[in-house]
Amino acid sequence: MHTGASQPLFHVAALRRLLDWRLQLTVQKPRGPRNLPILGSLPSFRARPIEFLCETAKKYGDLPYFRLGPYDAYLVNHPDFVRDILVTNQANFTKSRALQR
């Protein structure tokens, strides 16, 4: 697990392609915090976002899975995974409107 000084990269998106390719996942999702019905981890995330992400990375490793309401979320916390998303496979991921130029 990468525990450098940099903050974990949080990316909520359709990471299914990368996960299938990188981790050969078919049905099972990575470990992560328990999700409440309907809300998932949204209450914990909204109450303390930085603490929630740091604790999740520390407890569940480099690519934990959790739900934020109706959305699947993955915490990408390993430099190789971040590079795969932002550089190697960047064409496979859509930026949010806030990040588009």
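Which residue in S3 does Arg-67 stand opposite?

1. Arg-67 stands opposite Asp-72 in S3. Strands S2 (residues 65-68) and S3 (residues 71-76) run antiparallel and are joined by four bridges; two strands count as paired if DSSP finds at least two bridges between them. In their hairpin, two residues lie between the strands, and Gly-69 takes a positive phi near 65°.

2. The model is predicted: local features need pLDDT of at least 70, side-chain atom pairs count only at pLDDT 80 or more, and totals for chains, interfaces and linings use all residues. Residues are numbered from 1 along each chain as its sequence is written, and side-chain values use heavy atoms, with hydrogens and water left out.

3. The protein has four helices and three strands, in the order β-α-α-α-β-β-α from the N terminus. Helices (H or I, at least four residues) and strands (E, at least two) are DSSP runs, numbered from the N terminus.

4. Helix H4 (residues 79-88) has Phe-81, Asp-84 and Ile-85 buried. Seen down the axis of H4, the buried residues fall within an arc of 90°, so they line one face of the helix; the arc is that of the directions from the helix axis to the C-beta atoms. On the other side of H4, Leu-86, Val-87 and Thr-88 are exposed. Buried means under 20% relative accessible area and exposed over 50%, with partly exposed in between (1.4 Å probe, protein chains only).

5. Of the 101 residues in the protein, 33% are buried. Among contacts (heavy atoms within 4.5 Å) between residues at least 6 apart in sequence, 64% join residues at least 24 apart.
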